[in-house]
Each structure stands twice: as structure tokens, then as C-alpha cells.
Amino acid sequence: MQQYKSKKSNRKINVSAFYHKDYQWKVILPTIIVNYLQEKVQEKQPFKGFKMDNALYFLSLVISIPAYQKDKTYLWGYIPMDSQRLKKKDSNYSKYFEYFLQIGILQGKGHSKGRTCKRYRYNYENINLEGVECLDFSIFEMTDKFLTKNLLREDVGNDCPHLSKWFDDGLFLDVDRLNDELSSEFCYNKYGLSYTRLNPIMAKAYSYWYTALMFREQCYRISRNPDSDNRLHTNLTNMPSKFRPYLTYYGENIQSLDIKNSQPYFMVLVLERLSNSKIIEIMSRVFGNGNIGNIQQKLQQTTSSKAFQEEFAPLKKAVLTGKFYEFLMPLFPDIQPDYDGMFRKSFYDSDTDKAEVKEFPTKRDLMKKLTLQILYTPLKRPSKEYLIFKQYFPLLCECIEVFKTTSDEKDSFKLFPILLQQVESDCVIDTITKQIAKTNPDMPLWTIHDSFCTTQSWFPILESMVQELFLSYSQGVLPSFKSELWCNTDECLKVA
């Protein structure tokens with residue numbers, strides 16, 4: 001291994017890396033964690049067969065897992081570790097975590113009700129953080145051939161080459177400028193660093209640094225799980241939106257085209273195209289072939305009625321014109337701003353099994369969150385807002401409940417969001433972007449779930465093709481779109 005130092009930013013960041021010429025799978029950890037491990041290895045002999053590469057990889061999961069699942073909440077900072085996935089990396093994984101607990105670098109929680117994985121967090125009670133406000137990170141390149149071989153097995157393979165091939169040397173995130181202009185996002189108050197409560201500021205600082213350094217080191221991770229949402233998960237899908245003005249492709253700004261009201265839109269599309277062969281195929285994949293006939297019969301019986309069409313028409317219009325959130329607002333007159341103009345509301349979080357108060361700058365922003373709650377609420381414990389929505393749209397809710405009661409399984413209601421995500425992924429990834437890439441093989445192309453992205457010079461062609469192909473895919477049920485140029489205000493008039 002050859003050690004080298006990467007460029008330091010003007011602000012505090014101590015990034016070191018170990019370079020291996022044959023492979024570039026890198027992991028990122030807080031430097032203070034690395035130093036603590038190195039000290040303890042000298043004090044307490046590890047188990048036979050201990051490898052530093054593997055230890056660093058397992059410790060890095062405490063920040064990499066939440067960075068790649070940025071929408072999830074982790075109660076008290078404990079990160080679930082899937083034993084089956086860990087075993088595929090190293091059959092001796094449990095010895096590493098036992099050792100981490102022995103030397104006090106991690107704290108752990110065992111299996112609990114509703115949770116199948118053991119959970120871990122960094123043990124800051126044993127690690128001295130005095131004087132630390134901005135995080136230091138170390139970057140290590142994995143050189144153990146067996147470990148890197150196992151890590152490679154989780155790659156996306158050849159499923160999305162038309163999208164994955166554009167994660168290359170051209171993508172550049174200006175980390176120095178990003179850190180300089182958004183420095184507060186990368187730091188936390190050292191006096192507030194505690195695990196007596198969830199610390200979102202520290203969690204965000206970890207996520208921001210991790211995401212930024214993965215781009216800087218060109219450590220691109222791409223995955224897709226057909227048994228789940230079938231979406232393409234990449235560094236871009238997990239990147240905070242605040243980073244967008246600092247990302248370019250060979251010096252050119254990136255521009256995106258978003259589907260407005262995307263989740264309600266795909267719900268409308270499914271209900272409007274129940275007999276479409278692709279919709280039937282996806283429904284069969286999600287709910288199982290044995291359930292499709294019964295589901296379709298119930299849905300068609302409801303949706304074919306005049307009462308449903310009258311109820312559904314104004315909602316459908318609001319979704320297709322991109323005004324669904326505004327459409328919802330009058331249905332909830334009791335939701336009013338607080339004294340400071342902010343909107344606050346408590347939402348149940350299935351990750352923590354607790355209700356948490358969320359803040360929103362506008363009522364429309366709150367409606368976005370409320371929409372997900374309405375669509376995905378469990379029927380055994382429906383939210384108050386879902387029951388209000390049901391008063392206005394009882395027949396639509398009857399359809400939603402058909403999807404959520406396909407079986408007696410406890411989590412049957414979760415199949416409905418998976419259905420909408422699978423339809424989205426079939427539309428965006430497997431149909432529209434594939435055709436765009438085939439027609440324009442030189443167009444840089446990325447997706448962020450319901451968003452199409454390319455460079456600014458290619459954007460007019462992208463926008464035209466997306467609308468044309470969407471019209472064909474949806475058989476005329478066309479959504480509204482919103483474009484966004486990823487740049488700072490003073491740069492937006494520049495054309496690369």
C-alpha cells in the first residue's frame with residue numbers, strides 16, 4: 001500500500017487515503033474513530049485472523065448506511081446491521097463486532113420487537129471529542145482481495161449501463177467551495193454532542209461529509225433491488241439537494257426535469273390503466289400472480305362507476321397539472337402557521353416507532369409530507385389526516401385499501417408504495433431513459449428516481465424526448481414537469 005495525502009480544503013478537514021493500484025473501493029470514517037481503533041489494537045490483541053481492512057469497512061457502515069438511506073431515521077443513532085449481508089463480506093464478521101464492543105469503539109443493541117437486526121453506533125462516551133466542532137475524516141482503500149471481491153458482488157452489474165456509465169471522471173463536486181459556502185452544514189455544536197437524544201445536526205454533518213468525500217474520491221456506488229422498489233440508487237439519489245450547484249460534468253452545469261406530484265401521478269396512472277399489460281405485469285410481480293384477478297375485479301368494479309369518476313376527476317386534474325398539494329390545502333383548514341410563520345406537525349415515523357414533530361416553511365411543503373402519509377398509512381392505525389381525506393374521497397380510498405389488503409400479512413400495506421415505485425422505475429429507467437440513450441448515445445444521462453438529469457447543453461433534447469416518450473408510455477395520461485438548473489444564481493446565465 002502506498003499512502004498519500006489528498007488536497008485539504010481551507011476549512012478543517014484531515015483526509016488521508018491508502019492507495020492500491022489494482023482496485024479503488026474506498027471507505028470513509030471519522031479520523032477520531034480510526035485513531036481510537038489503532039490505539040486499542042496496540043493495547044488489546046485482536047482475535048486470530050483480524051484484518052484492518054475488514055475492521056475499517058465494518059466501522060464505516062455506521063456512517064455509510066444512513067448516508068445511503070438519507071430518508072430513514074435511526075433512533076438514538078443506532079444503525080441496523082444485516083447479519084446475512086455482513087456474513088457475505090466476511091464469515092467472521094461477528095468476531096469484529098464483538099471486538100469493537102470489547103474495546104469500546106461501538107455501542108450495540110440486540111434484537112428487539114419489530115427489529116430483526118442488531119444495531120450499533122460509535123461510542124462517544126469512550127472517545128474524546130473535546131475541542132472538536134468540524135469533523136475530520138480518513139479515507140482508506142480496501143486492499144484485501146477477498147473482501148473487495150465480495151463487495152463487488154453488490155454492484156448493479158449490467159442492468160443499467162445506459163445510466164451507470166456516466167458516473168465517471170467528468171463528475172466533479174467542488175468540495176472546497178461547498179465547504180466554504182455551507183460550512184455550518186458540515187459542523188455541529190460540540191456541547192450538544194450527546195446520545196441522550198437523537199442528534200440530527202451531527203447525523204447531517206456526517207452525511208454531508210460522507211457524500212462530499214465520496215464524490216471527491218470518485219467512489220461511486222450503484223445498486224438496484226428488483227425485489228423491493230426497483231429504483232436505481234446512486235451517489236446522486238443520496239446527495240443533499242444543497243450540493244447541486246456545486247456539481248458539474250466536465251465543467252458544464254447539470255439540469256434536471258422532475259415529474260411534479262410524482263407519487264400521486266403514478267397512482268393516477270395505475271388506476272387509469274388497470275388493463276395495461278405493463279401495469280398488470282408489475283402488479284403481478286409485487287402482489288403475486290394469484291392475487292391479480294381478485295385485485296383487478298375489485299378495482300374495475302369501483303373505478304367504472306359514475307360516482308367514482310365524478311369524485312376522481314377533480315383530483316386527477318390537480319395531479320396532472322402539478323397542483324395536487326395546493327388542491328389538498330383547503331381540506332385541512334385546521335393546519336395553520338405558528339407564531340413565527342412556520343408550519344409544525346407531528347408525524348409517525350415507522351423507523352423509530354415514534355411520532356416526531358416536523359417543521360415546514362409553507363403549508364404546501366407540509367402537504368407533500370401529508371400526501372405520503374395519506375398514501376402509505378397502515379389501515380390498522382390510519383392517521384387522522386387519512387380519515388379526513390377519506391371523507392372527501394371514499395371511493396378512491398376504497399381502491400387504495402384494495403392494494404393494501406392483498407394478504408393478511410402485517411406489512412401488506414407496504415406493497416402499495418412499492419407498486420408505485422416499481423411503476424415509476426419501469427417508466428423512468430427501463431423505458432424512457434433507455435430510449436433516450438439509444439437515440440442519443442452521447443448524451444450524459446442520470447436519474448434521481450422521478451427526475452431526469454443531463455448537462456445544460458443537452459437539456460432541450462432531453463426535455464422534448466421525455467415528454468414525447470411519456471405520452472406514449474402513459475397512453476395520454478401526461479404529468480406536469482419542472483426543470484431545475486443546478487447552479488448558483490450568478491452562474492445561471494452562463495451556457496457551457
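A: **Helix packing and burial**

Helix H9, residues 262-272, is mostly covered, with 10 of its 11 residues buried. The buried residues are Ser 262, Gln 263, Pro 264, Tyr 265, Phe 266, Met 267, Val 268, Leu 269, Val 270 and Leu 271. Keep in mind that this is a predicted model.

First, the setting. The protein chain holds 18 helices and 17 strands. Of its 496 residues, 54% are buried. Among contacts with a separation of 6 or more, 72% join residues 24 or more positions apart.

Start from Leu 271, one of the buried residues of H9. Leu 271 is in contact with Cys 399. Cys 399 sits in helix H16, which spans residues 394-404. Apart from neighbours within four places in sequence, Cys 399 also touches Leu 299, Thr 302, Thr 303 and Phe 308. How buried is Cys 399? Its relative accessibility is 1%, so Cys 399 counts as buried; the cut-off is under 20%. Gln 300 lies 99 residues from Cys 399 in sequence, yet their C-alpha atoms are 9.3 Å apart.

H16 also packs against helix H15, residues 384-392. The two axes come within 5 Å and cross at roughly 125°. That angle makes H15 oblique to H16. From H15, the contact uses Tyr 386, Phe 389, Lys 390, Gln 391 and Tyr 392. From H16, it uses Pro 394, Leu 396, Cys 397 and Glu 401. By class, the contact of H15 with H16 has six nonpolar, one polar and two charged residues.

The largest nonpolar core has 145 residues. Those that touch the most other members are Phe 100, Ile 105, Leu 396, Phe 403, Leu 419 and Phe 470.

Helix H17 covers residues 415-439 and helix H18 covers residues 459-474. They pack at about 130°, with axes 10 Å apart. That makes H17 oblique to H18. The crossing of H17 past H18 is right-handed. H17 contributes Val 423, Asp 426, Cys 427, Thr 431, Ile 432, Gln 435, Ile 436 and Thr 439. H18 contributes Leu 462, Met 465, Val 466, Leu 469, Phe 470 and Tyr 473. Sorted by class, the contact of H17 with H18 has 10 nonpolar, three polar and one charged residues. The spacing of such lists has a simple background. An α-helix has 3.6 residues a turn, so residues three or four places apart point the same way.

Ala 437 is another residue of H17. Is Ala 437 buried or exposed? Ala 437 has 18% relative accessibility, so it counts as buried. Leaving out neighbours within four places in sequence, Ala 437 contacts His 162 and Leu 445. Its C-alpha atom is 9.9 Å from that of Leu 462, which is 25 residues away along the chain.

Helix H2 runs over residues 52-68 and helix H4 over residues 93-102. Their axes come within 10 Å and cross at roughly 75°. H2 and H4 are therefore roughly perpendicular to each other. On the H2 side, Asn 54, Ala 55, Phe 58 and Leu 59 take part. They meet Tyr 93, Tyr 96, Phe 97 and Phe 100 of H4. The contact of H2 with H4 divides into seven nonpolar, one polar and no charged residues. Phe 100 itself touches Leu 37, Ala 55, Phe 58, Leu 59, Ile 105 and Leu 106, with residues up to four places away not counted.

Finally, look at two loop residues. Gln 218 lies in the loop between helix H8 (200-216) and strand S9 (223-224). Gln 218 is not a glycine, yet its phi is positive, about 55°. Gln 218 is partly exposed, with a relative accessible area of 31%. Asn 230 is in the loop between S9 and strand S10 (232-233). Asn 230 also has a positive phi, near 65°. With 7% relative accessibility, Asn 230 counts as buried.

Definitions and conventions:
Residues are numbered from 1 along each chain as its sequence is written. This is a predicted model: local features need pLDDT of at least 70, side-chain atom pairs count only at pLDDT 80 or more; totals for chains, interfaces and linings use all residues. Side-chain values use heavy atoms; hydrogens and water are left out. Axes are lines fitted to C-alpha atoms, for helices over the stretch in contact, and angles run from 0 to 180 degrees between N-to-C directions. Helices (H or I, at least four residues) and strands (E, at least two) are DSSP runs, numbered from the N terminus. Angles under 35 degrees count as roughly parallel, over 145 as roughly antiparallel, 65 to 115 as roughly perpendicular and the rest as oblique. A crossing is left-handed if the near helix is turned anticlockwise from the far one by less than a right angle, and right-handed if clockwise. Contact means heavy atoms within 4.5 Å. Ala, Val, Leu, Ile, Met, Phe, Trp, Tyr, Cys and Pro count as nonpolar, Asp, Glu, Lys and Arg as charged, and the others, Gly among them, as polar. A nonpolar core is a set of buried Ala, Val, Leu, Ile, Met, Phe, Trp, Tyr and Cys residues joined through side-chain atoms within 4.5 Å. Buried means under 20% relative accessible area, exposed over 50%, partly exposed in between (1.4 Å probe, protein chains only).
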